[in-house]
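Me: I have a model open and want to learn how to read its features. Can we take them one at a time?

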Amino acid sequence: MDGNRKNRSVQTTNILKLCFIVCPNQARNIVKQIYNNDYKILQLSKELSENMGRLDLEIIKDIESVRAHNNTNWMDLIRLAFEHAPNEAKTIMSAINKDDAKVTKLLEELSNGKG
């Protein structure tokens, strides 16, 4: 599964590169939001691990909310890629889809207790 995850990371990076080529200013603004959200998640994860007084479930809810915003930001990058370079974006998304199918198959094997 690690190889598939690595391949998906490469393809995600390819989407990011494509966005910076075709619309660098918009891509930079979205990446800034992703970075800020990643920092928030890091801080919340630290809070969760250090038991700083808030309930664990409250912290987890906050992490979930920030991750939801980041998912929207990543989808915005994909939209940019498809708007400005649809053929290239489709090629990259096809590769991501193939890797996702492999991951799904491996997860199915794990859930069925094979191995």
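Predicted model: local features only at pLDDT ≥ 70, side-chain atom pairs only at ≥ 80, totals over all residues.

Me: What is the volume of the largest pocket, and which residues line it?
Reply: The volume is about 250 Å³. The lining is made up of T12, I15, N71, W74, M75, I78, M93, I96 and D100. Sorted by class, that gives 6 nonpolar, 2 polar and 1 charged residues.

Me: How do I read the largest nonpolar core, and which residues have the most contacts inside it?
Reply: In soluble globular proteins, nonpolar side chains tend to be buried together. In this model the largest such core has 15 residues, and I15, L18, C19, L77, L80 and A81 have the most contacts inside it. α1, α2 (24-50), α3 and α4 each supply at least two of its residues. The largest share, 4 residues, comes from α3. Another core, of 5 residues, lies apart from it and includes I41, L44, I59 and V66.

Me: What does L18 contact beyond its neighbours within four places in sequence?
Reply: L18 is in contact with A81, A85, E88, A89 and I92.

Me: Is H84 buried, partly exposed or exposed?
Reply: Check relative accessibility against the cut-offs: under 20% is buried, over 50% is exposed. H84 is at 41%, so it counts as partly exposed. H84 lies in α3. Beyond four places in sequence, H84 touches V22, C23 and Q26. Its C-alpha atom is 9.1 Å from that of L18, 66 residues apart along the chain.

Definitions and conventions:
Residues numbered from 1 in each chain as written. Heavy atoms only, no water. 1 Å grid on protein atoms, 1.4 Å probe; cavity = no way out; pocket = protein on both sides within 12 Å on 5 of 7 lines; lining within 4 Å. Points joined across faces, edges and corners; volume = space filled by probe spheres on them. Nonpolar A, V, L, I, M, F, W, Y, C, P; charged D, E, K, R; others polar. Buried < 20%, exposed > 50% of the residue type's maximum accessible area, 1.4 Å probe, protein only. Contact = heavy atoms within 4.5 Å. Core = buried A, V, L, I, M, F, W, Y, C linked by side-chain atoms within 4.5 Å.
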